[in-house]
Amino acid sequence: MKNYMDSNNRITTDYGVKQTNTDDWLRVASGDKTGPALLEDHASREKIHRFDHERIPERVVHARGAGAFGTFKLFESASDVSSAGVLTDTSRTTPVFLRFSTVLGSRGSADTVRDVRGFAVKFYTEEGNWDIVGNDIPVFFIQDALKFPDVIHSGKPEPHNEIPQAQTAHNNFWDFQYLHSEATHMFMWAMSDRGIPRSYRMMQGFGVNTYKLINAKGESHLVKFHFTPHLGVHSFVWDEALKLAGQDPDFHRKDLWTAIEGGQYPKWDFGIQTIPESQADDFDFDPLDATKIWPEEDFPVRYIGELELNRNPDEYFPQTEQVAFCTGHVVPGIGFSDDPLLQGRNFSYSDTQLSRLGVNWQELPINKPMCPVMNQNRDGAMRHSITKGTVNYWPNRFEATKPATADEGGYVDFPQKVAGMKTRLRSKKFSEHYNQAQLFYNSMSEHEKMHIMNALSFELDHCDDPVVYKRMVERLCEIDLDLARGVAEMVGADIPEEARRVNSGKRSKNLSQEDFPPKNLTIATRMVAILIADGYDSIAYNAVKAALAAQGALPFTIAPRRTPIYAAGESKESGKGLVPDHNLEGQRSTMYDAIFIPGGADSIATLRKNGRALHYVREAFGHLKSIGATGEAVAFVKDACQLPGVTFSESNDVVDSYGVVTASQTEVNSFKEAISLAKGAKDFTTAFSYAISQHKNYQRELDGLANMVAY
């Protein structure tokens with residue numbers, strides 16, 4: 001690996017010759033006249049043509065991504081269902097690379113758009129590379145891979161005007177969703193909070209497809225793969241995600257990088273759902289249908305390992321951009337089911353790498369297995385490997401490089417018996433498209449149902465063809481009548497009078513994000529903005545900032561300017577002062593999980609006159625974030641968010657009302673640095689920290705308070 005930062009380096013050409021000048025093209029010139037450039041300047045031509053050819057074809061989907069290196073550790077052997085070393089050897093630590101991505105947008109689109117997120121893991125196992133090419137949603141829009149071009153074309157910008165970018169809020173997408181009814185379950189997930197995750201570190205990963213595990217006895221099980229984050233599953237609210245797409249389009253990749261750089265390594269528990277293949281036909285759905293989940297009441301997730309990300313890439317392009325995943329990359333003990341989506345992905349994913357990276361893409365360092373690689377594949381553009389020997393075929397007279405036996409670790413395909421007619425059909429169970437969409441909606445909490453209704457209303461409001469949005473309201477009648485009526489009213493469709501199917505009321509566990517709180521209650525890596533101006537209360541500021549930092553949170557000081565700010569009792573003449581991290585116009589409340597405003601009469605008087613400071617408070621309130629205030633700041637927050645039912649401290653008592661934590665009068669014991677997060681704390685720092693740990697105060701929204709604030 002090269003190190004550009006080595007002070008002993010000198011600029012060279014690609015062919016190794018040191019260069020004295022890379023700023024001026026060789027030309028005919030004199031002190032008073034500039035003449036023509038000379039074609040003989042090969043070094044300059046190399047610099048320009050290398051620049052001209054820096055770009056490679058963009059991924060058709062999942063173009064915008066971020067990734068990191070890490071490790072996978074098994075804590076329970078799955079030898080009862082698989083013989084794969086990576087799933088049975090608890091002494092191993094397997095290196096991994098995980099790439100997150102959005103699906104529809106280009107490389108230059110924003111991170112926080114409403115979209116499915118890719119969750120692709122490359123395990124560099126001792127037996128070869130194993131790729132799980134997954135998403136943050138466990139189901140997909142289509143059952144058969146042959147529909148990939150159609151579903152992606154419908155979601156991409158419309159062909160006549162290349163609008164909109166990285167959005168599904170347009171006629172073509174929703175036209176396809178209605179006409180292709182098997183997509184119903186998936187679009188309910190995409191319109192839920194899952195479509196706008198707070199962080200890559202706070203979302204689940206799923207293998208989506210049904211694979212097969214084979215144990216040492218030759219027994220096969222169907223399997224689904226799950227990754228569940230230790231930090232819990234959390235999302236933005238829609239207005240927040242919309243604004244961040246413009247204010248900080250790199251929010252998610254920066255969030256991931258910052259956490260790893262700061263030693264806050266994200267972790268996921270790895271789990272499997274399994275079904276003996278002999279029982280695959282015993283259920284009211286087909287386990288091979290990628291538009292269906294396996295309900296956890298019947299098929300509990302068995303958590304057997306842990307994935308940790310602990311190293312950022314050294315260079316984005318040769319690692320995060322050139323990494324290539326294939327669903328067909330499996331190791332002995334793991335195989336393919338007859339999932340028709342998986343069967344097509346096995347072809348498509350390897351095929352797309354040929355046009356993007358070339359035939360030798362698996363020799364790139366990020367894609368190269370860590371185990372020995374030897375075969376008869378040769379030549380091709382950009383071949384790196386040099387293989388010694390006088391033959392390059394099998395069989396050969398030297399018995400050189402022979403096939404491995406099963407005992408030597410050779411891959412053995414499961415001997416599956418197959419009988420049937422050659423025809424373009426799927427099993428009858430594939431034709432039911434609405435039960436699980438309804439099950440998903442029923443399993444949501446009240447605020448999640450509200451968000452789904454709002455998301456559908458936003459999306460269909462951007463459809464200007466009445467046929468599209470009226471049909472979609474009809475489709476929603478298959479799921480829930482109240483949902484359909486609410487959306488119809490917002491988008492201008494006919495209000496439906498009756499449901500197309502009775503809502504069974506059936507629910508399932510672990511579909512709502514509320515079912516996935518943090519493994520351990522924490523505010524680690526939460527971003528907190530501290531708003532101050534000249535004359536701020538330094539005691540409250542220092543105490544709260546120290547307490548937040550001690551818990552692993554990331555406090556940032558925001559002020560009207562980024563030159564020294566002076567606490568009460570300080571002045572320029574005193575030689576003291578604090579330099580803020582940002583000014584109020586440089587960063588917005590959307591970029592933080594919570595805000596804190598310490599008191600100080602002069603500081604609050606200044607902030608009262610600043611519209612952006614007032615907007616910070618109101619916007620944070622509207623986005624359901626925790627707001628903390630002490631001393632004179634309590635009255636400032638009260639004036640910004642004086643709404644029915646919201647109460648504020650009027651003494652040294654700490655009041656937590658809808659996640660607005662206030663202490664009008666503070667004492668030394670109001671601020672604790674050593675904090676044990678618990679509800680109902682009497683000191684300010686613990687109460688405020690607990691409010692932050694809850695991510696958002698959804699009751700504020702359910703009671704209609706968020707809509708009363710202009711933000």
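Biologist: Is Val208 buried or exposed?

Modeller: This is a predicted model, in which local features need pLDDT of at least 70, side-chain atom pairs count only at pLDDT 80 or more, and totals for chains, interfaces and linings use all residues. Residues are numbered from 1 along each chain as its sequence is written, and side-chain values use heavy atoms, with hydrogens and water left out. Buried means under 20% relative accessible area, exposed over 50% and partly exposed in between, with a 1.4 Å probe and protein chains only. Because its relative accessibility is 4%, Val208 counts as buried.

Biologist: Where is Val208, and what is its phi?

Modeller: Val208 sits in the loop between strand E7 (205–206) and strand E8 (211–214); helices (H or I, at least four residues) and strands (E, at least two) are DSSP runs numbered from the N terminus. Most residues other than glycine have a negative phi. Val208 has a positive phi, near 65°.

Biologist: What is the phi of Leu624?

Modeller: Leu624 lies in the loop between helix H16 (611–622) and strand E17 (626–630). Leu624 is buried, with a relative accessible area of 1%. Its phi is positive, near 70°.

Biologist: Between which domains does the largest cavity lie?

Modeller: On a 1 Å grid over the protein atoms alone, a cavity is a set of points where a 1.4 Å probe fits but cannot get out, and lining residues have an atom within 4 Å of a point. The largest cavity is lined by 20 residues, with Pro138, Phe206, His226, Gln273 and Ile293 nearest its centre. Domain bounds come from an automatic or database domain assignment. Both domains give residues to the lining, so the cavity lies between domain 2 (65–363) and domain 3 (435–515).

Biologist: What is the volume of the largest cavity?

Modeller: Grid points are joined across faces, edges and corners, and a volume is the space filled by probe spheres set on the points. Strand E9 (residues 220–229) gives the most to this lining, 3 residues. The volume is about 180 Å³.

Biologist: Which element gives the largest share of the lining of the second largest cavity?

Modeller: This cavity holds about 140 Å³ of space. Its lining has 15 residues, and Leu104, Asp115, Val116, Phe141 and Phe173 lie nearest the centre. The largest share, 3 residues, comes from H3.

Methods: On a 1 Å grid over the protein atoms alone, a cavity is a set of points where a 1.4 Å probe fits but cannot get out, and a pocket is an open set with protein on both sides within 12 Å along at least five of seven lines; lining residues have an atom within 4 Å of a point.
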